Amino acid sequence: MPLPRKFFNSALWSLMGTVVPMFAALAAVPWLMHYMGQERLGVLSLVWVVVGYFSFLDMGLGRAVTVAVAAARSGGQRAVADEIHVLGSAAVLLMVVGVVMAVVLGVCVVMWGIPFKLSSMALVDEVRWALLWTLPSLPLLLLSSALRGHLEGVGAFRVLNMLRIPTGILLVAGPCLTAFFSPSLVWACLSIFLVRVLHLLVLWALTANEIGHGMTAMPAVLLRHGTWPWLRRLLSFGGWVTVSNVVGPVIVYVDRFVIGATLAASAVAVYAVPFDMVSRLPVLVAALCSVLLPELARLSSLASASDPGALRQAHQLVWRSSIFSAVVVAVLVALGALVAPWALTLWLGADFARQSTTVTQILILAFGVNAVAQIPFTALQAVGKVRAVALLHSAELIPYAALVFVAITWFGLVGAAWAWLFRSIVDYGALAWLWHRHKHIQTVPIASKF
């Protein structure tokens with residue numbers, strides 16, 4: 001049986017919300033390179049990476065809010081008291097954490113300067129002011145995570161991505177516009193901050209409308225309903241999500257450091273360029289998973305209330321999502337492996353293609369497996385098995401690092417690619433086994449945790 005039409009439409013909106021801003025960012029690079037110069041563009045790229053990385057400070061509360069709200073609305077209620085407690089507890093903490101971290105980082109920038117090697121003192125001062133304009137985006141990002149988690153929990157994927165698409169475009173269009181008049185990073189970062197403010201205001205309005213309160217009344221409502229018992233429940237879920245979010249990037253990038261240490265710095269580019277290119281493949285399944293998470297949480301809540309129909313629907317949904325993802329990914333992997341030599345030659349030249357084609361083809365297969373693994377990963381999170389997933393990823397880190405070292409020492413860059421493929425297969429097998437073991441979701445009363 002095919003996936004439900006509404007479910008598929010929501011996943012399609014989520015995919016568009018990811019892909020359209022990604023292409024906008026790629027299209028903006030030549031323009032920014034021309035008007036800002038390579039050095040300023042490099043700094044701007046690092047600023048984007050740093051701000052994105054600090055989003056892990058949401059402590060997994062964005063996903064926790066999604067699961068909790070979906071569980072709270074499993075019976076079809078609108079703006080129940082539990083739901084407002086969830087949002088208030090998460091929003092207040094994330095806003096406080098964001099403000100404190102922005103102030104701490106701002107003091108560090110003022111007192112100790114910036115961690116970049118730049119060509120002139122004038123540029124150093126410019127980058128310092130640019131960073132100071134970037135830091136206020138941090139609390140906005142964290143608060144947005146809670147609001148977005150709430151809207152995903154109620155299934156508002158269409159409206160969320162109708163906002164996400166123009167926001168993603170504006171985040172690169174702003175620096176492009178300011179660069180046309182001035183190459184200064186200060187104006188570029190100011191434009192990004194203003195877009196973040198606008199994005200938060202729209203999310204705020206959408207959330208206020210969803211829970212039945214006015215925008216001006218929302219701060220008092222959230223403060224009044226934010227409580228420690230509810231926050232403790234959310235953190236018990238989000239803390240383990242954070243472990244996965246912190247360990248995950250280390251697993252992703254450890255092979256590059258090993259390559260740089262054992263082979264040569266130049267070899268890192270031969271491996272990293274195809275790696276970064278094909279790592280976009282799981283985005284397709286991630287769009288499906290963003291819709292799958294709240295739906296499974298809702299069904300899990302119904303199943304824990306002794307609804308056998310919900311249990312059946314959950315199993316069918318995971319099965320259909322897995323089959324659909326596997327078919328789509330298999331087609332893309334086959335096409336990608338076939339066109340990789342031609343695409344690399346056209347994009348980066350014959351010499352680079354000769355060095356990286358085999359690596360790219362192996363990595364395409366590895367990320368295909370990694371993409372399909374997101375289905376059991378999401379299913380386990382939806383039924384509250386975040387601790388098991390976090391412990392699995394933590395357990396993978398050291399053995400994988402050892403495997404990478406041995407594989408690169410013996411087989412070079414191809415060895416690194418084979419090691420990543422092997423880890424992806426093991427990870428998928430372990431996640432699938434965990435889901436199979438805990439598939440009787442009526443034994444996991446997820447609603448009672450929130």
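Let me begin with a term: a residue is called buried when its relative accessible area is under 20%, exposed when over 50%, and partly exposed in between, using a 1.4 Å probe and protein chains only. By that rule S424 is buried, with a relative accessible area of 1%.

Two remarks on the source. The model is predicted, so local features need pLDDT of at least 70 and side-chain atom pairs count only at pLDDT 80 or more, while totals for chains, interfaces and linings use all residues. Residues are numbered from 1 along each chain as its sequence is written, and side-chain values use heavy atoms, with hydrogens and water left out.

I turn to the chain as a whole. The chain has 18 helices and zero strands; helices (H or I, at least four residues) and strands (E, at least two) are DSSP runs, numbered from the N terminus. Of its 450 residues, 50% are buried. Contact here means heavy atoms within 4.5 Å. Among contacts between residues at least 6 apart in sequence, 83% join residues at least 24 apart. The chain exposes about 20,700 Å², and carbon and sulfur atoms supply 71% of that area; accessible areas come from the Shrake-Rupley method with a 1.4 Å probe, and for residues only the protein chains shown count as cover.

Next, the interior. A nonpolar core is a set of buried Ala, Val, Leu, Ile, Met, Phe, Trp, Tyr and Cys residues joined through side-chain atoms within 4.5 Å. The largest such core has 100 residues, and Y271, L296, L363 and W420 have the most contacts inside it. Apart from it lies another core of 22 residues, including A24, V47, V127 and A179.

Which residues does W420 touch, not counting those up to four places away in sequence? They are I251, V252, Y271, F275, L363, A366, F367 and Y400. W420 is itself buried, at a relative accessible area of 2%.

Now the aromatic pairs. Rings of Phe, Tyr and Trp (its six-membered ring) pair if their centres lie within 6.5 Å; planes under 30 degrees apart count as stacked, over 60 as edge-to-face and the rest as tilted. The whole structure holds eight such pairs. In one of them, W31 and Y35 have ring centres 4.7 Å apart and planes at 40 degrees, so the pair is tilted. These two residues are four apart in helix α1 (residues 5-36), separated by about one helical turn. W31 is partly exposed, at 36% relative accessible area, and Y35 is partly exposed as well, at 29%. Another pair is Y400 with W420: the centres are 5.8 Å apart and the planes at 65 degrees, so this pair is edge-to-face. Y400 lies in helix α16 and W420 in helix α17, so the pair ties together parts 20 residues apart in sequence.

Where is the one salt bridge found in the search of the whole structure? E396 forms it with R423, the closest N and O atoms being 2.7 Å apart; the criterion is a side-chain nitrogen of Lys or Arg within 4 Å of a carboxyl oxygen of Asp or Glu. Both partners are buried. The charged end of R423 also sits over the ring of W420, 4.6 Å from its centre; this requires NZ of Lys or CZ of Arg within 6 Å of the ring centre and within 35 degrees of the ring normal.

Leaving aside neighbours within four places in sequence, S424 contacts A366, V369 and N370. The C-alpha atoms of S424 and V369 are 6.1 Å apart, although 55 residues separate them along the chain.
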